[in-house]
Amino acid sequence: MRVRLTSWLLVVVLALGGCALPARDTALDDEAVARSIQARYEQALPDLPPGKQRHYAQRLYRMTGEARYLPLNRAYGRRLVSALRAEIDGLADPDHAARRAREAVAAYPVGSEKQRRRRRMLAEWGEIAYAKGLAFKLTQAKYHGLLDDVALPGHQRALDYLASVDFRAFLLDPQVMAVYAAQVANLVYYLEDLGIADLREEVVSAFRHQYPPARDARLSTAEYRNKIYGMTHFVIAASDYYQQPVDAEEFGWVLDEFAAGLDRILLDTKEDIYAEVGISFLLAGEEEHPAVRRLRDALLDAYDPQVRMVPSEQGGTDLASGEHRNVLAIMLLDWPDRLYPGPVLAVRQEQ
């Protein structure tokens, strides 16, 4: 990332004085706010839950390639290998997947109506609640160079299990898409990455049929957020989660809709969603698109210099619950000149 002495000095002023930012018409402000949020989170990082540490360190490594993010990534690699070895062993039992699916549904949070709808939906799809999580873990192992017989002996059993699951019916179901669009986009790319099935064209076609631009005016705020968040994840998943650029032509339909609908996106979505809208342009090499400037400005407006973060819609400043939103803000405001894949993790535990 770009590092300038002046930006670090401004971060210090913000941190110590909590002063308001000056007029925002230069790149300095973007970078200064990104650095301020980054400094706040990296001070608190050791106290965040392991999942938040992983999420943050993985993305900051892919933005910077800096070795200081490797220890947390390696710790995640060890946890991931341990969890996958247990699943590989468990799949020797024919009842394992069904049992783990029931456990996943029972543990699904129900704090909001959206979460309750998703839980009810997953309960109707048998082993999918387990299979989708297994696909995520295996894809993560592949991203990190761990999907082999050294780190994960017998991993073919897990891949064979996934190949037996009818993901197509799940991914193409309109009711699933209506509450789970981003997760559908993720899963279709996981399956392609793992060599299980390539359903990308079918799923994109189904999504575009369900959510044509002409229908936007009839979508509730929740429905519209589901649509836009799903669209961002088609782009992000195609990049293997910020490891490589994507083809602007392939995702022209996404970027064109974002540009045309930007007023409503800024009005009716929230910071983490519209940050991902901006990142979608960046992944496609469209940093000079006028939408990027507007989206960055919206994040600068949302930023609170008193707490050095972007609060939630409700004004919440809890660092753990705000990690997703704020790491995306860092990324959008201080996008690098190149991305760093991986990291490849040399996890070699005792057999």
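At what angle do α4 and α7 pack, and how far apart are their axes? This note takes up that question and then several further sites in the structure, which is a predicted model.

1. The packing of α4 on α7. These two helices pack at an angle of about 135 degrees, and their axes are 10 Å apart. That angle makes α4 oblique to α7, since only angles over 145 degrees count as roughly antiparallel and those from 65 to 115 degrees as roughly perpendicular. The crossing of α4 past α7 is left-handed. On the α4 side the contact is formed by Tyr-76, Leu-80, Ala-83, Leu-84 and Glu-87, and on the α7 side by Tyr-130, Leu-134, Phe-136, Lys-137, Leu-138, Gln-140 and Ala-141. By class, the residues of this contact comprise nine nonpolar, one polar and two charged.

2. Leu-84 within that contact. Leu-84 belongs to helix α4, which covers residues 70–90. Its relative accessibility is 0%, so Leu-84 counts as buried. Setting aside residues up to four places away in sequence, Leu-84 touches Leu-134, Lys-137, Leu-138, Ala-141 and Leu-152. Leu-138 stands 54 residues from Leu-84 in sequence, yet their C-alpha atoms are 7.6 Å apart in space.

3. The packing of α7 on α10. Helix α7 (residues 128–143) also packs with helix α10 (residues 174–193), at an angle of about 55 degrees and with the axes 9 Å apart. α7 is therefore oblique to α10. The crossing of this pair is left-handed. Lys-132, Ala-135, Phe-136, Thr-139, Lys-142 and Tyr-143 are the α7 residues involved, and they meet Tyr-180, Leu-187, Tyr-190 and Asp-193 of α10. The residues of this contact divide into six nonpolar, one polar and three charged. Phe-136 of α7 is listed in the contact with α4 and also in the contact with α10.

4. Is His-144 buried or exposed? The residue is placed in the loop between α7 and α8, the latter spanning 155–163. His-144 counts as buried because its relative accessibility is 0%. Its side chain makes a polar contact of 3.0 Å with the side chain of Gln-58. Beyond residues up to four places away in sequence, His-144 touches Gln-58, Arg-62, Asn-73, Tyr-76, Gly-342, Pro-343, Val-344 and Leu-345. Tyr-76, one of these, also takes part in the contact of α4 with α7.

5. The cis peptide bond. Two of the residues touched by His-144 are Gly-342 and Pro-343. The peptide bond leading from Gly-342 to Pro-343 is cis, with omega near 0 degrees. Pro-343 is located in the segment after α17, a helix that covers 323–333.

6. His-55 in α3. His-55 is found in helix α3, residues 50–64. With a relative accessible area of 11%, His-55 falls under the 20% limit and is therefore buried. Its side chain is joined to that of Arg-59 by a polar contact of 3.3 Å, and to that of Glu-323 by a polar contact of 2.8 Å. Apart from residues up to four places away in sequence, His-55 touches Glu-323, His-324 and Val-327.

7. Which loop holds Asp-240? Asp-240 lies between α12 (221–238) and α13 (252–260), and Tyr-242 lies in the loop between α12 and α13 as well. Asp-240 has a positive phi of about 55 degrees, although it is not a glycine. Tyr-242, likewise a residue other than glycine, has a positive phi near 70 degrees. Asp-240 counts as buried because its relative accessibility is 15%, and Tyr-242 because its own is 1%.

8. Met-231 in α12. Met-231 is placed in helix α12. Its relative accessible area is 0%, so Met-231 is buried. Leaving aside neighbours within four places in sequence, Met-231 is in contact with Phe-207, Trp-253, Val-254, Glu-257 and Phe-258. A separation of 8.4 Å lies between the C-alpha atoms of Met-231 and Val-277, residues that are 46 apart along the chain.

Definitions and conventions. Residues are numbered from 1 along each chain as its sequence is written. This is a predicted model: local features need pLDDT of at least 70, side-chain atom pairs count only at pLDDT 80 or more; totals for chains, interfaces and linings use all residues. Side-chain values use heavy atoms; hydrogens and water are left out. Helices (H or I, at least four residues) and strands (E, at least two) are DSSP runs, numbered from the N terminus. Buried means under 20% relative accessible area, exposed over 50%, partly exposed in between (1.4 Å probe, protein chains only). Contact means heavy atoms within 4.5 Å. Axes are lines fitted to C-alpha atoms, for helices over the stretch in contact, and angles run from 0 to 180 degrees between N-to-C directions. Angles under 35 degrees count as roughly parallel, over 145 as roughly antiparallel, 65 to 115 as roughly perpendicular and the rest as oblique. A crossing is left-handed if the near helix is turned anticlockwise from the far one by less than a right angle, and right-handed if clockwise. Ala, Val, Leu, Ile, Met, Phe, Trp, Tyr, Cys and Pro count as nonpolar, Asp, Glu, Lys and Arg as charged, and the others, Gly among them, as polar. A polar contact is a pair of N or O atoms within 3.5 Å; within protein, one must be able to donate a hydrogen and the other to accept it, and residues adjacent in sequence count only if both atoms are side-chain atoms.
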